[in-house]
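Keep the viewer open as you read.

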Amino acid sequence: MARRREAQKRLPQQDRRFNDVDVSLCINLMMVDGNKSISERIFYKAMDHIKVKMHIDDHGALAVYQKALSNVMPKVEVKSRRVGGATYQVPVEVKESRAKSLAIRWIIEASRKRSGKSMIEKFTAEILDAVDEEGGGRGRGGAIKKRQDTEKMAEANRAFAHYRW
């Protein structure tokens with residue numbers, strides 16, 4: 001930790017097509033071995049697939065992606081806290097920047113774990129599952145399951161909330 005002052009948060013530049021920082025974060029986190037052009041192509045083609053499937057324009061596809069992100073973002077998580085030789089899983093609220101980062105990571109991770117198909121189709125399916133307006137609006141898919149498991153763990157350890165720091 002810095003002794004003198006807080007380190008400034010650096011955000012990536014906005015992406016070319018949507019001028020959005022969240023899209024740029026997703027592209028950067030999807031990147032493997034420095035191949036940014038491949039991750040850009042995957043993301044943009046996935047947005048094109050969403051446009052075709054839902055009969056919407058570019059801004060609508062971006063709105064679908066942002067809705068999927070907000071559905072996956074966790075509100076609470078657990079952190080380990082050591083108290084007198086015992087380690088407790090203490091539930092803490094998640095800051096918005098961390099929640100967004102976790103959501104993007106979980107969507108990409110769940111996309112990679114899907115079987116078959118190309119990454120474009122898997123990423124498209126994961127975003128559509130996270131949005132899933134027909135299924136009551138709460139969505140389904142690997143990323144949603146991860147959020148539910150995280151929040152369930154926090155709920156189960158609510159008794160240790162007084163150890164929060």
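Predicted model: local features only at pLDDT ≥ 70, side-chain atom pairs only at ≥ 80, totals over all residues.

In soluble globular proteins, nonpolar side chains tend to be buried together.

Setting aside neighbours within four places in sequence, Phe123 has contacts with Cys26, Met30, Phe43, Ala46, Ile107, Ile108 and Ser111.

## How α1 meets α4

Two packed helices are described by the angle between their axes and the distance between the axes. For α1 and α4, the angle is about 45° and the axes are 10 Å apart. That angle makes α1 oblique to α4. The crossing of these two helices, α1 and α4, is right-handed.

To see the contact, highlight Asp22, Leu25, Cys26, Leu29 and Met30 on α1, together with Lys100, Ser101, Ile104, Arg105, Ile108 and Arg112 on α4. By type, the residues in this contact of α1 with α4 are 6 nonpolar, 1 polar and 4 charged.

## How α4 meets α6

The pair α4 and α6 packs with an angle of about 130° and with axes 8 Å apart. The two helices α4 and α6 are therefore oblique to each other, and α4 passes α6 in a right-handed crossing.

On the α4 side you will find Trp106, Ile107 and Ala110, which meet Gly142, Ala143, Lys146, Arg147 and Thr150 of α6. The contact of α4 with α6 divides into 4 nonpolar, 2 polar and 2 charged residues.

## Two buried threonines

Thr124 sits in helix α5. Its relative accessibility is 1%, so Thr124 counts as buried. Leaving out residues up to four places away in sequence, Thr124 touches Ala46, His49, Ile50 and Lys53.

Thr150 belongs to helix α6. Is Thr150 buried or exposed? Its relative accessibility is 18%, and the cut-off for buried is under 20%, so Thr150 counts as buried. Not counting residues up to four places away in sequence, Thr150 touches Val76, Glu77 and Trp106. Thr150 and Pro91 are 59 residues apart in sequence, with a C-alpha to C-alpha separation of 9.8 Å in space.

Most residues other than glycine have a negative phi, and most peptide bonds are trans.

Asp33 is found in the loop between α1 and α2. The phi of Asp33 is near 55°, a positive value in a residue other than glycine. Asp33 counts as exposed because its relative accessibility is 75%.

His55 is found in the loop between α2 and α3. Although His55 is not a glycine, it has a positive phi of about 55°. With a relative accessible area of 72%, His55 is exposed.

Terms used
Residues numbered from 1 in each chain as written. Heavy atoms only, no water. Contact = heavy atoms within 4.5 Å. Axes fitted to C-alpha atoms, helices over the stretch in contact; angles between N-to-C directions. Helix = DSSP H or I, 4+ residues; strand = E, 2+ residues; numbered from the N terminus. Parallel < 35°, antiparallel > 145°, perpendicular 65-115°, else oblique. Left-handed = near helix turned anticlockwise from the far one by under 90°. Nonpolar A, V, L, I, M, F, W, Y, C, P; charged D, E, K, R; others polar. Buried < 20%, exposed > 50% of the residue type's maximum accessible area, 1.4 Å probe, protein only.
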